[in-house]
Amino acid sequence: MRPFSYVRAKTAENACDDAAAHPGSAYLAGGTTLVDLMKIDVLKPDRLIDITKLGNTQIKDHNGGLLIGALATNSDVAHDQRVIQRYPVLSKALLSGASAQLRNMATVGGNLMQKTRCYYYRNSTMPCNRREPGSGCPAIKGYNRIHAVLGGSNSCIAVHPSDMCVALVVLDAVIHLQGIGGERVVAAEKFFLEPGNHPERD
């Protein structure tokens, strides 16, 4: 792991401003993917902005559906009775992924924002257009049994690793985003980018 600075955000606005002021920052919540990728020197943020104290863990009724906070854990969402009864595909998708220990730490926001990746992305001795644009995609002619059949490109055939996100697309979910430009709402199916010629963009 490389040296990095660490700050704890006090508000969502503070977190957005801090990230904008420090390019190369990464947000830290559960850390179940971020920390792993940092340990193997695949992700190299200069600064970690800890957002765990911002609240936003709610799961509440909202306009006939549910509003799920970005910092709600995957376990809390999977075991919420309203999710189980009204959106069983979401509960089952969350329970099918990872282990109970990881689900207890992993957050909904982190699940959404995790890097699209494959075995080659995690192996820093191999080229990867997601890590280093223009270096190549060995997955196309290599080990690719679990890679994209649809939506890939000549630059990348990795798939997003989230079962939860598939369920959100099926359920026509929308994602509420907050950034330095304010707030906006994006349909889950429009949230993820196909790799095209720029697979480094998630």
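Reply: Happy to! A salt bridge here is a side-chain nitrogen of Lys or Arg within 4 Å of a carboxyl oxygen of Asp or Glu. This is a predicted model, where local features need pLDDT of at least 70, side-chain atom pairs count only at pLDDT 80 or more, and totals for chains, interfaces and linings use all residues. Residues are numbered from 1 along each chain as its sequence is written, and side-chain values use heavy atoms, with hydrogens and water left out.

Me: What makes Arg2 and Asp41 a salt bridge?

Reply: Their side chains meet at 2.7 Å, N to O, and the cut-off is 4 Å, so the pair qualifies.

Me: How do you know that Asp202 bridges to Lys115 and to Arg130?

Reply: The closest N and O atoms are 3.3 Å apart for Lys115 and 3.0 Å apart for Arg130. Both pairs therefore meet the definition.

Me: Why is Arg130 called buried?

Reply: Buried means under 20% relative accessible area, exposed over 50%, and partly exposed in between (1.4 Å probe, protein chains only). Arg130 has 9%, so Arg130 is buried.

Me: What makes Val166 exposed?

Reply: Its relative accessible area is 54%, and the limit is over 50%, so Val166 counts as exposed.
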